[in-house]
Amino acid sequence: MQKYDDFPVLTIRALDTTLEEPGLSLKKLEMASVIYSALSPYAGVRSALLVLQVTGNKLAVLSNALPNMLKTVMDAAGIADIFNALLSVDTVDARSPHPRFTNSLLHSLIERRGRYVLLIKRWNISGVGAYGFKTIWVNRADVTWDNRPNQPDTIVSTLTEGSIS
């Protein structure tokens, strides 16, 4: 399974499968535009990100989305302007947390210099934790951590809980 499929291909495949079961349909182009231009952040996200920013952190997103999709969703959420880096796995044709992507991520952040807070999904915490990043898992659903290695250093239920800076 070394074949790389980009995020839109995987998303459309998953949506097609999901819609097939109840007998629904949606044109593929409609799917992408609806999904990525209509997402909004959880309450308090913008203010929490601004607190992280003003306390000297640089903010980066690590995503499986294509660069243009990532920019679209961040713009739609009204938070793109807060970030110093929007990093996509598509730049290295490897899914996160594949070492090729994590190495590229580290190289990119080292070149940019500064203290970074990475906003990533749960499965990426293991990958970046293995490289020495301090990790904080925002566990909104109150689920247990599975058998992945490199458990998060800190677990919070919201971005505004405690001090994550």
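1. Isoleucine 79, setting aside its neighbours within four places in sequence, is in contact (heavy atoms within 4.5 Å) with Arg46, Leu49 and Met74. The model is predicted: local features need pLDDT of at least 70, side-chain atom pairs count only at pLDDT 80 or more, and totals for chains, interfaces and linings use all residues. Residues are numbered from 1 along each chain as its sequence is written, and side-chain values use heavy atoms, with hydrogens and water left out.

2. Ile79 is also among the residues with the most contacts inside the largest nonpolar core, which has 18 residues; others include Leu59, Leu70 and Phe83. Such a core is a set of buried Ala, Val, Leu, Ile, Met, Phe, Trp, Tyr and Cys residues joined through side-chain atoms within 4.5 Å, buried being under 20% relative accessible area with a 1.4 Å probe, protein chains only. Two or more residues each come from α3 (45-54), β1 and α4, and α4 gives the largest share, five residues.

3. A second, separate core has 11 residues, among them Ala60, Ala85, Leu109 and Phe133.

4. Strands β1 (residues 58-63) and β2 (residues 85-88) pair in the parallel sense over four bridges; pairing requires at least two DSSP bridges. Valine 61 faces leucine 86 of β2. With helix α4 (residues 67-77) between them in the unit, β1 and β2 form a right-handed β-α-β arrangement, right-handed meaning a clockwise path from first strand over helix to second, with the strands pointing away from the viewer.

5. Overall there are six helices and five strands, taken as DSSP runs (helices H or I, at least four residues; strands E, at least two) numbered from the N terminus. Of the chain's 165 residues, 36% are buried.

Note on methods: Buried means under 20% relative accessible area, exposed over 50%, partly exposed in between (1.4 Å probe, protein chains only).
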